[in-house]
Amino acid sequence: MRRSALALLGLLALPLSAVGQSGMLTTEDPPERLPQTRFAVTPYVGVRVPYTSGRYIVFGGESGSQTAVQEERGGASAVGLNLEARLRGPLSFLVGGSFSGRETYIFALDDVSGGDDDGGVDAIRLQAQGPAIWFAKAGIAYRLPDPSPDTRRFHPSAFVSLAPAIVWVDWEEVDGVEDDLTRSSRHFGVNLAADATSRIAQSNFAVNLGLEGMVTFWDFDALRVRDETIFADRFQEPVVVDYDYSASTILFLRLGASYRF
């Protein structure tokens with residue numbers, strides 16, 4: 001009876017032994033998987049995606065005209081650096097900064113004085129030079145769980161991050177605007193990002209692909225003097241600018257090389 005029981009246990013153990021020998025039953029991470037590290041330094045290049053901001057109205061002080069203005073902001077190249085320090089488990093402290101150069105703005109002006117807003121179909125389109133923008137952020141990054149067991153051919157690891165941010169906007173000088181504060185202004189933002197990071201040949205280096213959105217809350221007190229000066233010069237009369245939006249999202253696509261140690 002005892003021998004029969006031992007033989008039965010031996011037969012039941014054979015499949016598990018075969019699986020273990022084949023490498024399918026293991027708790028070890030694949031060597032291609034991105035290891036947990038204490039620090040990571042990731043320089044990157046990228047592009048700022050073109051976007052359309054909200055609309056604002058320019059009121060003529062003497063003529064009583066009302067002109068709706070829609071800004072179509074062009075894309076621009078960007079460079080930046082992210083630094084991560086692991087706190088505990090999948091959580092890391094993240095700081096970063098980036099710079100994006102000047103781009104072309106398209107202003108669509110539509111006269112809505114009579115109340116017949118046709119959506120800008122017949123709007124006058126003007127071209128202007130946009131600002132250079134600096135970004136700085138500090139927040140938290142979270143590494144999503146890797147699949148286990150990991151049978152993927154490629155082994156990228158996914159990260160999401162949330163960080164308060166500051167956005168510096170640096171415009172070109174405008175004739176008639178004497179206050180330097182209207183050229184450079186600071187705005188609060190919230191940075192949301194998703195990253196895929198893949199280890200390079202079992203080394204300390206990894207390639208990083210990311211998408212981030214900078215939700216920027218514009219300080220219109222810092223922008224109104226500039227806009228009113230520009231449109232007063234165009235319309236040849238004093239104007240008042242009224243913004244009908246408070247925030248917009250600036251999107252980035254970026255590609256970087258990460259050193260992790």
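This is a predicted model: local features need pLDDT of at least 70, side-chain atom pairs count only at pLDDT 80 or more; totals for chains, interfaces and linings use all residues.

Which residues does Thr-37 touch, not counting residues up to four places away in sequence?

1. Thr-37 touches Arg-86, Arg-260 and Phe-261, once residues up to four places away in sequence are not counted. Its place is in the loop between α1 (2-22) and β1 (39-48), and Thr-37 is buried because its relative accessible area, 17%, falls under 20%.

2. At least two lining residues are supplied by each of β1, β4 and β5 (91-100), and β4 gives the most, with three residues. By class, the lining divides into seven nonpolar, four polar and five charged residues.

3. Two or more lining residues come from each of β4 (76-88), β8 (132-143), β9 (157-170), β10 (184-199) and β13 (247-260), and the lining as a whole has four nonpolar, six polar and five charged residues.

4. The largest pocket has a volume of about 410 Å³, and among the 23 residues that line it, Glu-71, Phe-107, Trp-171, Asp-227 and Ile-230 are the closest to its centre. The elements giving two or more residues to this lining are β3, β6, β7 (124-129) and α2, with α2 contributing the largest share, seven residues. The lining residues divide into 16 nonpolar, two polar and five charged.

5. Helix α2, residues 220-235, has a length that agrees with expectation, because its 16 residues at 1.5 Å a residue should span 22 Å and its end C-alpha atoms are 21 Å apart. After α2 comes Gln-236, whose phi is positive, near 60°.

6. Which side of α2 is buried, and which residues are exposed on the other side? Phe-220, Ala-222, Leu-223, Arg-226, Asp-227 and Phe-231 are the buried residues of α2; they cover an arc of only 140° around the axis, and therefore they lie on the same side of the helix. On the other side of α2, Asp-221 and Asp-233 are exposed. The cover over the buried residues of α2 includes β2 (51-60), β3 (66-73), β6 (104-111), β10 and β12 (239-243).

7. Phe-188, which has its place in strand β10, is partly exposed, because its relative accessible area of 43% lies between the 20% and 50% cut-offs. Leaving aside residues up to four places away in sequence, Phe-188 touches Pro-164, Ala-165, Val-215, Thr-216 and Phe-217. The C-alpha atoms of Phe-188 and Ala-247 are separated by 9.8 Å, although these two residues are 59 residues apart along the chain.

Technical notes:
Residues are numbered from 1 along each chain as its sequence is written. Side-chain values use heavy atoms; hydrogens and water are left out. Helices (H or I, at least four residues) and strands (E, at least two) are DSSP runs, numbered from the N terminus. Ala, Val, Leu, Ile, Met, Phe, Trp, Tyr, Cys and Pro count as nonpolar, Asp, Glu, Lys and Arg as charged, and the others, Gly among them, as polar. Buried means under 20% relative accessible area, exposed over 50%, partly exposed in between (1.4 Å probe, protein chains only). Contact means heavy atoms within 4.5 Å. The expected span of a helix is 1.5 Å times one less than its number of residues. The arc is that of the directions from the helix axis to the C-beta atoms. On a 1 Å grid over the protein atoms alone, a cavity is a set of points where a 1.4 Å probe fits but cannot get out, and a pocket is an open set with protein on both sides within 12 Å along at least five of seven lines; lining residues have an atom within 4 Å of a point. Grid points are joined across faces, edges and corners, and a volume is the space filled by probe spheres set on the points.
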